[in-house]
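I opened this notebook to keep track of what I looked up in one structure. The entries follow the order in which I went through it.

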Amino acid sequence: MVKLRLKRCGRKQRAVYRIVAIDGRSRREGRDLQKVGFYDPINNQTHLNVPAILYFLVKGAQPTGTVHDISKKAGVFTELSLNQIKFY
């Protein structure tokens with residue numbers, strides 16, 4: 001199963017995260033399928049590749065709790081519901 005989750009980057013006490021599509025059995029720093037976003041909790045900055053996230057969600061990827069919250073704030077799920085109508 002593919003998951004959308006955070007991959008830690010940065011240095012000590014200064015963590016930044018990449019949002020990646022990754023196999024659910026892989027470890028946190030494991031090899032990812034695709035990078036789909038970036039999240040900096042210190043500066044509260046987010047950059048998302050919305051078409052890539054929508055692609056993985058339509059294919060059945062499961063976001064983790066934190067990625068779900070970040071995506072919800074960015075309005076990804078409203079676009080997903082609009083795109084679901086177009087696919088059928």
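Predicted model: local features only at pLDDT ≥ 70, side-chain atom pairs only at ≥ 80, totals over all residues.

**Entry 1: confidence**

What is the mean pLDDT of the chain, and what share of its residues reach 70 or more? I noted a mean of 88, with 92% of the residues at 70 or more, where pLDDT is the predictor's confidence in each residue, from 0 to 100. Residues are numbered from 1 along each chain as its sequence is written, and side-chain values use heavy atoms, with hydrogens and water left out.

I then looked at the elements, meaning DSSP runs numbered from the N terminus, with helices (H or I) of at least four residues and strands (E) of at least two.

**Entry 2**

I went through the pairs in turn. S1 and S2 are antiparallel and share 10 bridges, and here I found Leu6 with Ile19 in S2 as its bridge partner. S2 and S3 also run antiparallel, joined by five bridges, and Tyr17 has Tyr39 in S3 as its partner. Tyr39 in turn stands opposite Thr46 in S4, and S3 is joined to strand S4 (residues 45-48) by four bridges, again antiparallel. S3 and S4 make a hairpin with four residues between them, and in its turn I noted Asn44, which has a positive phi of about 55°.

**Entry 2: salt bridges**

How many salt bridges does the model hold? I counted two, taking a salt bridge as a side-chain nitrogen of Lys or Arg within 4 Å of a carboxyl oxygen of Asp or Glu.

One of them joins Lys7 to Asp32, with the closest N and O atoms 2.8 Å apart. This pair links distant parts of the chain, 25 residues apart, as Lys7 is in strand S1 (residues 2-11) and Asp32 is in the loop between strand S2 (14-23) and strand S3 (34-40). Are these two residues buried or exposed? Lys7 is buried because its relative accessible area is 13%, and Asp32 is buried because its value is 17%; the cut-offs are under 20% for buried and over 50% for exposed, with partly exposed in between (1.4 Å probe, protein chains only).

I stayed with Asp32 to see what else surrounds it. Leaving aside neighbours within four places in sequence, I found Asp32 in contact with Lys7, Val20, Ala21 and Ile22, where contact means heavy atoms within 4.5 Å.

The side chains of Asp23 and Arg25 also meet in a salt bridge, at 3.1 Å from N to O. Asp23 counts as partly exposed because its relative accessibility is 23%, whereas Arg25 counts as exposed because its relative accessibility is 75%.

I also looked up Lys12, which is in the loop between S1 and S2 and is exposed at a relative accessible area of 73%. Lys12 and Arg25 are 13 residues apart in sequence and 26 Å apart in space, C-alpha to C-alpha.

Which residues of helix H1 are buried? In H1 (residues 50-58) I listed Val50, Ala52, Ile53, Leu54, Phe56 and Leu57. H1 is followed by Gly60, whose phi is positive, near 110°.

The structure holds one aromatic pair, with rings of Phe, Tyr and Trp (its six-membered ring) counted as paired if their centres lie within 6.5 Å, and classed as stacked when the planes are under 30 degrees apart, edge-to-face when over 60 and tilted for the rest. The pair is Tyr55 with Phe56, edge-to-face, at 5.3 Å centre to centre and 75° between the planes. Tyr55 is partly exposed at 47% relative accessibility, whereas Phe56 is buried at a relative accessible area of 10%.

Notes
Pairing = 2+ DSSP bridges.
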